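The paragraphs after it are meant to be read with the structure open beside them.

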Amino acid sequence: MRIDRGAADGRRGAGTYLRRAGTYIRSAPGTYIWLSILFVTTVALHHMSPDFEADFLRQRSTNIHELSDNPVRVLISSAMWIDGGLWLPYAVLYTLFHAQAERWLGTARWLVVCVAAHVLASLISEGVLMAAIRRGAAPHSAVDTLDIGVSYALAGVIAVLAYRIVAPWRYPYMAMLLVLYGLPLLIGRTFTDFGHFISVLIGLACCPLVRGRGKAWNPKETLAALRG
């Protein structure tokens with residue numbers, strides 16, 4: 001019987017790739033469980049009418065109204081939905097940042113960073129919005145503004161990864177983050193821009209969590225290894 005060696009090699013290659021992908025996913029269980037939940041909820045959103053979706057998400061939003069009624073519920077539920085319905089970009093971002101941080105810090109410490117960034121940035125930004133409403137700088141209707149999604153936690157994790165890079169290389173990374181998240185705050189001055197900037201500061205403040213997590217990455221060593 002004739003054996004197609006090319007096809008056999010291809011199957012072995014595909015099997016190796018799948019095993020490696022499975023190992024990688026298992027090394028960051030929190031990241032991919034969360035991403036799976038986001039996939040399910042995103043599919044659910046695509047089956048809702050626009051009017052129903054807007055009302056549905058508003059009830060799970062960390063806006064002032066919902067935070068006043070049931071803060072714990074909305075702080076949890078708001079992190080389980082994506083406003084806009086595009087899941088694939090988050091799959092890429094979660095793999096690039098969340099998975100890396102979870103593998104490095106461990107699931108418990110990674111989760112502390114996520115919760116701290118999401119909860120504190122939500123509360124602080126909504127507090128700033130409430131102050132703006134009280135002094136007349138924002139309309140009262142802003143108490144029901146939609147504020148949902150996972151971007152605060154993502155910003156915090158991206159920031160804490162600065163400590164994964166050895167000094168002095170980490171400082172350009174930090175500067176880039178402050179510019180990336182600071183410019184929208186200076187230009188737009190929205191409460192969500194403020195929340196993202198606060199999330200970055202919270203992630204940078206989580207430096208005690210990185211102690212004892214192994215040697216930081218040195219770009220110089222990587223470049224030397226690539227050159228042979």
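Predicted model: local features only at pLDDT ≥ 70, side-chain atom pairs only at ≥ 80, totals over all residues.

What is the secondary structure of the protein chain? It comes to eleven helices and zero strands, so the pattern along the sequence is α-α-α-α-α-α-α-α-α-α-α, with helices defined as DSSP runs. Along the principal axes, the C-alpha atoms fill a box of roughly 80 × 50 × 30 Å. The protein chain has 228 residues, and 40% of them count as buried.

Let us start with helix α6, which runs over residues 88-105. Its 18 residues reach 25 Å from the first C-alpha to the last, close to the 26 Å expected at 1.5 Å a residue. Where does α6 bend? The bend is at Tyr94 and comes to about 40°. Tyr94 is also one of the buried residues of this helix, along with Ala91, His98, Ala99, Ala101, Glu102, Trp104 and Leu105. An α-helix has 3.6 residues a turn, so residues three or four places apart point the same way. Just after the helix comes Gly106, with a positive phi of about 90°.

Now move along to the loop between α8 and α9, where you will find Pro168. The peptide bond that joins Ala167 and Pro168 is cis, with omega at about 5°.

Helix α9 itself covers residues 170-187. The 18 residues of α9 should span 26 Å at 1.5 Å a residue, and because its end C-alpha atoms are 26 Å apart, the two values agree. This helix has a kink of about 25° at Tyr181, shortly before the proline Pro184. Tyr181 is buried, and so are Arg170, Tyr173, Met174, Leu177 and Gly182 of α9. What covers these buried residues? The cover includes α6, the helix we began with, as well as α8 (151-160) and α10 (191-205).

There is another side to this part of the chain. Val179, Leu183, Leu186 and Ile187 form a nonpolar patch on the surface, and together they have about 430 Å² of accessible area. Going on from α9, you reach Arg189 in the loop between α9 and α10. Arg189 has a positive phi of about 55° although it is not a glycine. Arg189 counts as exposed because its relative accessibility is 68%.

In helix α10, look for Ser199. Its relative accessibility is 0%, and therefore Ser199 counts as buried. Which residues does Ser199 touch, leaving aside those up to four places away in sequence? They are Ala117, Ala121, Tyr152, Ala155 and Gly156.

Finally, turn to the charged side chains. Side chains of opposite charge can pair when their charged atoms come close. The structure holds two salt bridges. In one of them, the side chains of Arg73 and Glu66 meet at 3.1 Å, N to O. Glu66 is buried, because its relative accessible area is 11%, while Arg73 counts as partly exposed at 35%. Another salt bridge has the side chains of Glu221 and Lys215 meeting at 3.3 Å, N to O. Here Lys215 is exposed, with a relative accessible area of 62%, and Glu221 is partly exposed at 41%.

Notes
Residues numbered from 1 in each chain as written. Heavy atoms only, no water. Patch = residues over 30% accessible without salt bridge, like charges linked within 9 Å, V, L, I, M, F, W, Y side chains within 5 Å. Areas by Shrake-Rupley, 256 points an atom, 1.4 Å probe, with all protein chains shown as cover. Salt bridge = Lys/Arg side-chain N within 4 Å of Asp/Glu carboxyl O. Helix = DSSP H or I, 4+ residues; strand = E, 2+ residues; numbered from the N terminus. Buried < 20%, exposed > 50% of the residue type's maximum accessible area, 1.4 Å probe, protein only. Expected span 1.5 Å × (residues − 1). Bend = angle between axes of the 7 residues up to and from the residue. Contact = heavy atoms within 4.5 Å.
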